[in-house]
Amino acid sequence: MASENLNGASYLGVTPPISTHESNDREKEVTVTLMEELRRQNTFESEEEAKTREIVLGRVAALVKKFVKKVSMERGLSESAANAAGGKIFTFGSYRLGVHGPGSDIDTLCAVPKHISREDFFDVFEPMLKEMEGVTEVSGVPEAYVPIIKAEISGIPLDFLMARLALSSVPDNLSLKDDNLLRNLDERCVRSLNGSRVIDEILRLVPNVQVFRDALRCIKLWAQRRAIYSNVNGFLGGVAWALLVARICQLYPNAIAGAIVSRFFIIMYQWSWPQPVLLKQIEEGPLQVRVWNPKLYPADRAHRMPIITPAYPAMCSTHNVTASTQMIITEEFKRGAEIVDRVIIGTAEWSELFAKHDFFHKYRYYLQIIASTGNSDLQTKWAGTVESRLRQLVMKLEYVDSLVLAHPFIKGFDQVSFCLSEEEVRAVAQGEISDAIASRKKEDIDSKEGAGPVYSTTFYIGLAIEPKPPGSVGPRKLDISYPTTEFTKMVKMWEKFDESTMGIVVRHIKNTGLPDNVFDPGERPAKTVQKRVKGSKSSNTSPDLPNKRQRSSQSDLPLKAAENGSAPTVPGLSPVTEALPLKDIKAPQLPTGENAAVAMGTVTAQ
């Protein structure tokens with residue numbers, strides 16, 4: 001619902017717009033070049049792929065009805081009642097937002113009547129999916145936080161969620177807008193439904209959907225390239241980025257995409273966190289569920305960058321943000337503002353905004369977190385568990401003296417190593433992959449006794465260290481024993497953890513010890529390559545790592561603290577000035593006559 005200001009003019013959002021002016025000629029010109037660059041960067045799918053998606057969704061919609069009818073008749077309903085029971089699909093995520101790219105998945109919600117159970121979804125619908133023509137893979141994950149079936153149909157990846165509504169039938173004209181649909185549903189169904197409800201609300205609350213989509217496509221590509229697109233690792237996920245762009249669209253209802261992107265960076269850099277970003281006022285509803293409220297709940301008060309979903313019940317889409325990730329995101333807002341400013345005055349190209357991150361060049365010291373198993377299915381679950389808890393390690397590291405920030409990278413690096421002996425298995429679990437192991441193929445170990453694969457996923461955290469105080473002498477010590485030991489204890493508390501089949505290792509390495517697989521071809525600095533001595537294992541680690549333990553594939557921390565209680569040290573640390581905020585770039589400002597404070601409700605619009 002639109003609000004009204006004192007003059008009676010209506011607007012979308014919780015405050016009046018900053019400006020209702022249309023974009024100027026230069027902003028129109030840079031919007032044209034922005035769209036050209038987005039096409040060059042391959043962010044749009046082909047017409048052929050778009051048609052395939054529509055065909056696949058049509059077939060899936062028919063299959064959901066068939067599934068509901070089959071289970072209904074098994075429950076004793078007549079054929080006419082089983083037909084009337086219906087079943088409907090709703091898309092959400094990037095596809096529903098209209099900002100999906102080639103090969104991206106379609107988030108699909110299957111809304112079913114109350115006599116269809118979640119067990120039916122996995123026991124009946126999943127096998128029906130497997131029998132569909134053109135299906136290449138189907139895998140259900142019933143134990144996930146939001147239970148899901150992943151599938152690929154005619155080359156299109158889909159993620160299926162189920163919501164069991166408290167209705168005897170789900171008609172074709174059903175809308176999810178009514179809050180009362182959430183009554184008598186379990187939490188998993190509410191979560192599943194809200195994915196779709198949030199996207200519908202976002203699209204309803206922006207003044208111009210096409211401008212919103214064009215601007216969001218730009219911000220999404222920028223966030224991915226700069227490695228800050230990841231909810232699980234403490235950055236922002238797809239919904240949070242969409243909410244931020246939607247808010248800027250509300251503040252500039254008549255602007256086009258280039259102008260929205262320009263204002264986005266400036267306003268987000270200036271934002272007075274923890275002031276929340278809202279697309280509409282938070283509403284109460286019919287359920288006994290928690291709605292985001294920092295006055296009532298201490299956990300909500302602790303959110304550093306609250307970006308609130310507009311559908312009831314209002315939730316914070318950014319509860320994972322930490323002090324470190326907030327600093328990194330803010331630094332990227334500043335960099336983005338400076339580049340777009342130069343694009344508008346004609347001294348930079350849009351491609352500069354989308355330059356790849358420099359994470360593996362940025363720090364002198366990194367933490368390596370290596371999760372390993374001997375089985376690919378088990379590895380997916382174990383690595384996912386370790387990744388979901390990395391944020392806790394970052395938060396513990398933030399309390400370490402002389403650490404400015406702990407910067408998590410947004411994805412793990414998967415490797416399969418074919419090992420001939422128990423000794424090689426232990427070495428791989430410690431992150432020591434020799435050239436001989438790296439070049440070995442599966443057929444090289446077939447039928448050899450004691451040989452087998454090791455699946456490993458390695459995550460990285462960059463450590464930004466305070467510059468050495470003036471006048472201090474001798475090497476400094478960085479004690480990270482407590483956070484790293486606590487982290488490994490915590491991941492081992494996972495109820496499915498098995499000491500004999502799962503390994504977890506945390507160790508610190510210098511930038512010269514980073515493996516080749518974190519760099520693109522030709523990206524690695526030449527001097528780093530020279531420092532690596534072929535066949536030397538110790539060059540790959542910090543000097544104070546202990547000798548391998550007997551069962552290192554299940555060891556805790558290959559740091560001295562984990563062995564004998566002494567503090568691990570990183571000797572002779574040098575300043576990591578690149579990791580600190582960009583002091584040489586002036587603070588970005590809005591054009592004359594525009595005031596970001598309007599967006600935060602601290603002043604009234606002119």
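Which residues does F212 touch, not counting residues up to four places away in sequence? In this predicted model, the partners of F212 are L97, I202, L203, V206, A242, V245, A246 and C249, where contact means heavy atoms within 4.5 Å. Residues are numbered from 1 along each chain as its sequence is written, and side-chain values use heavy atoms, with hydrogens and water left out. Local features need pLDDT of at least 70 and side-chain atom pairs count only at pLDDT 80 or more, whereas totals for chains, interfaces and linings use all residues.

Of the 606 residues of the chain, 52% count as buried, a word used here for under 20% relative accessible area, against over 50% for exposed and values in between for partly exposed (1.4 Å probe, protein chains only). Among contacts between residues at least 6 apart in sequence, 73% join residues at least 24 apart.

F212 belongs with W222, W241 and F264 to the residues with the most contacts inside the largest nonpolar core, which has 110 residues. Such a core is a set of buried Ala, Val, Leu, Ile, Met, Phe, Trp, Tyr and Cys residues joined through side-chain atoms within 4.5 Å. Helix α8 (residues 238-251) gives the largest share of this core, ten residues. Another core, of 31 residues, lies apart from it and includes V60, A85, C110 and M128. In soluble globular proteins, nonpolar side chains tend to be buried together.

The next topic is an annotated site. An unreviewed UniProt entry lists F92, G93, S94, D105, I106, D107, D159, K220, Y229, G238 and V239 under "binding site"; UniProt positions are given in the numbering used here, feature names are shortened, and annotations may be inferred rather than shown by experiment. S94, in helix α4 (residues 93-97), counts as buried because its relative accessibility is 14%. Beyond residues up to four places away in sequence, S94 touches V99, H100, S104, D105, D107 and K220. K220 lies in helix α7 (residues 209-225) and is buried too, with a relative accessible area of 13%. Leaving aside neighbours within four places in sequence, K220 is in contact with S94, V99 and Y229.

What about enclosed space? A search of the whole structure finds three cavities of 30 Å³ or more. On a 1 Å grid over the protein atoms alone, a cavity is a set of points where a 1.4 Å probe fits but cannot get out, and lining residues have an atom within 4 Å of a point. Grid points are joined across faces, edges and corners, and a volume is the space filled by probe spheres set on the points. The largest cavity has a volume of about 80 Å³, and its lining includes L278, K280, I308 and Y312. The second largest cavity, of about 60 Å³, has R226, E332, H357 and H407 among its lining residues, and α11 (323-345) and α13 (359-362) each supply at least two residues of that lining.

Finally, P515 sits in the loop between β12 (503-510) and α18 (526-531). P515 touches Q368, Y460 and R524, not counting residues up to four places away in sequence.

Key
Helix = DSSP H or I, 4+ residues; strand = E, 2+ residues; numbered from the N terminus. 1 Å grid on protein atoms, 1.4 Å probe; cavity = no way out; pocket = protein on both sides within 12 Å on 5 of 7 lines; lining within 4 Å.
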